[in-house]
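Thanks for coming, everyone. Please have a look at the chain on the screen, and then I will walk you through a few of its parts.

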Amino acid sequence: MLKCRTVWRTLAPLARTSSTVCRQNARRAGLNNGRLPACVPAAHMSTAPAGGGRENQLYVLLVGATCVGGAIYAYRTVKGDSQRYQDRIDEISSRPLKTFTEEPATPTQSEPPAAPSPAEPSPPAPDAEILAPIETADLPSADEPVIEASPEEAAEPPVVEPEPSPPSEPTPAELTEPVADSGDASPASHKVSSHTPYLLIGGGTASFAAARSIRARDPGARVLIVTDELVPPYMRPPLSKELWFSDDPSVTETLRFKQWNGKERSIYFQPPSFYINAEELGSAENGGVAVLTGKKVVHMDVRGNKIKLDDDTEISYDKCLIATGGVPRNLQVIERAGEEVMKRTTLFRKVEDFKSLDKVSRNVKSITIIGGGFLGSELACALGRRSTESDLEVIQMYPEKGNMGKVLPEYLSNWTTEKVKKEGVKIISEALVKSVVSKDDKLEIQLKDGRLVKTDHIVAAVGLEPNVDLAKSAGLEVDSDFGGFRVNAELQARSNIWVAGDAACFYDIRLGRRRVEHHDHAVVSGRLAGENMTGANKPYWHQSMFWSDLGPDVGYEAIGIVDSSLPTVGVFAKATAKDTPKAATEESGTGIRSESETEHTASSPVASSAPSPTGVQHKDEYGKGVIFYLRDKVVVGIILWNVFNRMPIARKIIKDGEEHADLNEVAKLFNIHDD
């Protein structure tokens, strides 16, 4: 039809020109004869006088041939297009049937063995056969062409409409979706639904916070947590703190502990009765949270919205959260030392590690902790307390000059080191490990400066590596500087994938791109990710805090960038009996201090014209105080030393990002001088 229009537009000017010429010839001939010919109407060229009739006949012949040719071409074009359209529709309608008939021979999932039986005895209902491959999405390579091949014919009912409107037998169709049928064929598999609206990968704090947030916004939500651990979600801080101070000999079994305030609680966020069975999640009328334990996600198909477990089970999802946390680092000299050394080395992270180290501490005479950070110092103090009740020798070595030397300013690090020594810990500072060997039933640690340390067991507490094993299969970006999955302000890595906790590398509007490895960050980022998975679209602006306790008498809370390489200003005061972690938990009623945090608006600090302090006021006693970390004269980090429940004020100071002429005045906001 388009070609016909083009030909007509070309010939139309010619026709008009010919008509004009014919009329002019007729008038000219009439004037020559002295009159106008009565038989030649001006509007009819076919009866022109002699002298122009041959041209008129040629014009009529040309126009007539053009019209006939155009009509024939249009007829053939329309007929050909109609035939091609019908052939295309027939091809599209036949594709799903071919996919289904080949599906039983494809071992993608365990559904095919059960799918042929209901399909074969019902050939009169082809719609039911088309439904199965579309819903199960077993063969993405076959399903995708069906959708992509007909963008203009997307309204064709056999391809699109069966998904929301099941055939006459919805129950068998629903039963073929879960991997429950796969469990019948393979006894080792869990009977888990093959689809879940909300999938959370990882069984830590961030996953549980996300699940609780999802259920709060969507009470009927079905949430599946997949974890490689054998227990439901739990809090990690007590593993290196309160559990070690328990008087209960069966603490490794009960995992219950007394907080500093004397109240008892479990490390688990919720009892087992809170969760529903994973195989019942798909049919739960009111939804719920299910935990699939002892399973590891080994592959992630972001285009197909599904994952594969280590037992080859495949689960599809609508929304997914990656909260895989991290894995503890080890020293290369220990990894190269051989199997015997590795057997006597603990990388502390999980419940099993706590149970194992507790057993070791009761059966050996010497334990050496390598690492002077938060975890290493906490374990050193915990085991040091235990050494007073037995003949256990506890050694802590690190390359810095004092405990937490990378975080605390040197004067406070040295003071903390003396506190740790009083707990019964032998400190070896500025120690770089050269080699570790097993000799005479002992582990010999050779330092680079020639010192030799003999011990029975090693605890390596040298940092955490974010778990980004799924990045390759999922095609997600990993930050080259900080590690972890790079996410946007809403903690999204992709349109339907979120990341929270230790594995998330996010952009801080005040402090730049960061990755945080603390409990409070896991709680807040998990909660926000859960909200965004239900459509909140909120940015992550929270300045997370962290805390550490060196026993019941010394503790601190920190926020922002706390790096000992930055300039610091410390303001201290004399401590009282209320200025201890034990007293703080008695006041707040919880041992996990971030749970007691509130977001009350803090007063803006009032600047003074007085000069900034040039040193620390108390040189020998650091009972309680505030340490400010500065970058370009702006406070970017704050440590509250034995000052508790003042974190909203510190958060407000960092958020404001202002220069302060006198930080002594700012420190007054924390009421450190109150008795």
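Let me start with a sheet. It is open, has 3 strands and runs in the order β14-β15-β16, with antiparallel pairing. β14 (433–439) and β16 (452–455) are the edge strands; each has a single partner, so one side of each has no neighbour in the sheet. From one strand to the next the twist averages 20°. Strands here, with at least two residues (E), and helices, with at least four (H or I), are DSSP runs numbered from the N terminus. Two strands count as paired if DSSP finds at least two bridges between them. β14 and β15 (residues 442–447) are joined in the antiparallel sense over 6 bridges. Within that pairing, Ser438 has Leu443 of β15 as its bridge partner.

A word on the source. This is a predicted model, in which local features need pLDDT of at least 70 and side-chain atom pairs count only at pLDDT 80 or more, while totals for chains, interfaces and linings use all residues. Residues are numbered from 1 along each chain as its sequence is written, and side-chain values use heavy atoms, with hydrogens and water left out.

Now the whole chain. It holds 20 helices and 28 strands. Of its 675 residues, 47% count as buried. Buried means under 20% relative accessible area, exposed means over 50%, and partly exposed is in between (1.4 Å probe, protein chains only). What about contacts, meaning heavy atoms within 4.5 Å? Take those in the chain with a separation of 6 or more: 68% are between residues 24 or more positions apart.

Next, another strand pair. Strand β26 (residues 568–573) is mostly covered, with 5 of its 6 residues buried. Its link to strand β27 (residues 624–631) is antiparallel and has 6 bridges. Phe572 stands opposite Gly625 in β27.

On to helices. Two packed helices are described by the angle between their axes and the distance between the axes. Helix α9 (residues 205–217) packs against helix α17 (residues 519–533) at about 35°, and the axes are 7 Å apart. Axes are lines fitted to C-alpha atoms, for helices over the stretch in contact, and angles run from 0 to 180 degrees between N-to-C directions. Which residues of α9 and α17 make the contact? From α9 they include Ala206, Ala209 and Ala210. From α17 they include Ala522, Gly526 and Gly530. The contact residues divide into 7 nonpolar, 5 polar and 3 charged.

Now salt bridges. How many salt bridges does a search of the whole structure find? It finds 25. The rule is a side-chain nitrogen of Lys or Arg within 4 Å of a carboxyl oxygen of Asp or Glu.

One of them joins Asp502 and Arg349, at 3.1 Å from N to O. This pair links distant parts of the chain, 153 residues apart. Asp502 is in the loop between β21 (497–499) and β22 (504–508), and Arg349 in the loop between β10 (345–347) and α13 (351–361). Asp502 is buried, at 10% relative accessibility. Arg349 is buried too, at 17%.

A second bridge joins Arg386 and Asp358, at 2.8 Å from N to O. Arg386 lies in helix α14 (residues 374–387) and Asp358 in helix α13, so the pair ties together parts 28 residues apart in sequence. Both Arg386 and Asp358 are buried. Asp358, Arg362 and Arg386 are linked in a network of salt bridges.

Buried or exposed? Asp479 is buried, at 5% relative accessibility. Arg486 is partly exposed, at 29%.

Asn330 sits in the loop between β9 (326–328) and α11 (332–335). It is buried, with a relative accessible area of 15%. Leaving out residues up to four places away in sequence, Asn330 touches Glu335, Met342, Leu347, Ala460 and Val462.

Asp312 is in the loop between β7 (306–309) and β8 (314–322). At 57% relative accessibility, Asp312 is exposed. Asp312 and Val298 are 14 residues apart in sequence, and their C-alpha atoms are 8.8 Å apart in space.

Notes. Contact means heavy atoms within 4.5 Å. Ala, Val, Leu, Ile, Met, Phe, Trp, Tyr, Cys and Pro count as nonpolar, Asp, Glu, Lys and Arg as charged, and the others, Gly among them, as polar.
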